[in-house]
Amino acid sequence: MLFLFKVLATINLLKPHSRNIRWGIIGLGRIAHEFAQDLQKVPNCSLYAVASRSQEKADDFGALYGAQQAYGSYELLMQDDAIDAIYIATPHVFHKEHTIQCLNHKKPVLCEKPFAMNVEEVSEMIACAQQNEVLLMEALWTAFLPHFQHVLRFIKSRELGDLRQLSAGFSFAPQLDFEDRVLKKELGGGAVLDIGIYPVYAALASLGLPDSLEAKANFFHNGADSDCMMVFHYPKATANLSCSLIHHEKTEAKFLFEKGQILIHSMFHKPNRITIRSNGKEETLDFGVATLGYSFEIDHFNQLIREGLLESDVMTHQFSLNLIRVLDAIRKEIGLSYE
Ligand SMILES: NC(=O)c1ccc[n+]([C@@H]2O[C@H](COP(=O)([O-])OP(=O)(O)OC[C@H]3O[C@@H](n4cnc5c(N)ncnc54)[C@H](OP(=O)(O)O)[C@@H]3O)[C@@H](O)[C@H]2O)c1
């Protein structure tokens, strides 16, 4: 009897709502480090394995964050039966391939944004998850952050009336290294897919799909887009959106309502403060987040696994399809192709 109890406890069958989720990470670059740091702060989960194209890099990363396994091949990590969840942190152009490989190994996947390069790829990933009956979610972390969820609840409550205008931008000026995946066209580099996705996400989450859109962009010598201005038209609202990899400006989101406004301070896509102005009054809310902010999507994903769900109710497959369709439409408008 005691033996059976020990076995059940080891495989976590006794505590379904707190069972430990063992994570694996594929692609050990910048965001993988941030994700691994936050993983350590989320209860009832652990970094079990990491995988890199280089065994040495995997060993170093694994030692830094206390992973039990360090693989010099992504495929070996995908084959490891002890893994409950895989986080894909490779460049955009590999998201589809790596996601489908993991799903075919029956591993739940949390894949970085953009989910893939275009709607055909995202549709294929979702179909594969459904066929395999495995959980799949886009890692658009902003959707899970308390300040952003508060703003969305506020919009839904209509306390300030209808939302009439959104202004949101994301800009930063990195060093112009065209071998870096941010700017390297062959890896999906460029402003719209890397950072423009955040203002586009803000528009879709707050106003829904636009009736029509306009977009204008500038390009680097290698064909990657350096900056882009976008206008989304809705029956009774407009979204003015921008992104830039050459200017360094505030990355704010401002929501103008019939009876007031909400500002998400720079940078709006990260844990942040919001200021609500109405009736001549101003209130600033600080959400006191103690992690980098990735903990919220991790916690959500852990719970989906524990409950045996195949899709998130926050970042649904349909939302990911809408998001990539709009990004495709913007790319078509500015003439940006990755083929
Ligand atoms: N949610 C967020 O806040 C956030 C922030 C930044 C980035 N991202 C997303 O996360 C993904 C990775 O971004 P990152 O900034 O972490 O990129 P990065 O620093 O360049 O790391 C990407 C990793 O992918 C792996 N990789 C596999 N094939 C590669 C190739 N041919 N060239 C380069 N790297 C390759 C490498 O890991 P190994 O050498 O270990 O195999 C590399 O370290 C992107 O899709 C990006 O949009 C999300």
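Which domains does the domain assignment of the protein give? Here are some friendly notes to read alongside the structure, which is a predicted model.

1. **The two domains.** The assignment gives domain 1 as residues 2–141, while domain 2 is made of 146–288 + 313–334. Taken over C-alpha atoms, the centres of domain 1 and domain 2 are 28 Å apart.

2. **Where they touch.** Look at the boundary next: 21 residues of domain 1 are in contact with 23 residues of domain 2. About 2,000 Å² of area is buried between domain 1 and domain 2, and carbon and sulfur atoms give 66% of that area.

3. **Polar links across the interface.** The rule finds two salt bridges across the interface of domain 1 and domain 2. Seven residue pairs are also found in polar contact there. On the side of domain 1 that touches domain 2, the elements giving two or more residues are α6 (119–132) and β6 (136–139). The largest share of that side comes from α6, with five residues.

4. Now turn to helix α2, residues 30–39, where A32, F35, A36, D38 and L39 are buried. These residues lie on the same side of α2 because they cover an arc of only 165 degrees around the axis. What do the buried residues of α2 pack against? Their partners are the strands β1 (21–26), β2 (45–51), β4 (85–88) and β5 (109–112), together with the helices α3 (55–65) and α9 (295–306).

5. **A salt bridge to find.** The side chains of R30 and D180 meet in a salt bridge, at 3.0 Å from N to O.

Methods: Residues are numbered from 1 along each chain as its sequence is written. This is a predicted model: local features need pLDDT of at least 70, side-chain atom pairs count only at pLDDT 80 or more; totals for chains, interfaces and linings use all residues. Side-chain values use heavy atoms; hydrogens and water are left out. Buried means under 20% relative accessible area, exposed over 50%, partly exposed in between (1.4 Å probe, protein chains only). Helices (H or I, at least four residues) and strands (E, at least two) are DSSP runs, numbered from the N terminus. The arc is that of the directions from the helix axis to the C-beta atoms. Contact means heavy atoms within 4.5 Å. Domain bounds come from an automatic or database domain assignment. Buried area is the accessible area (1.4 Å probe) that two parts lose on being put together, summed over both. A salt bridge is a side-chain nitrogen of Lys or Arg within 4 Å of a carboxyl oxygen of Asp or Glu. A polar contact is a pair of N or O atoms within 3.5 Å; within protein, one must be able to donate a hydrogen and the other to accept it, and residues adjacent in sequence count only if both atoms are side-chain atoms.
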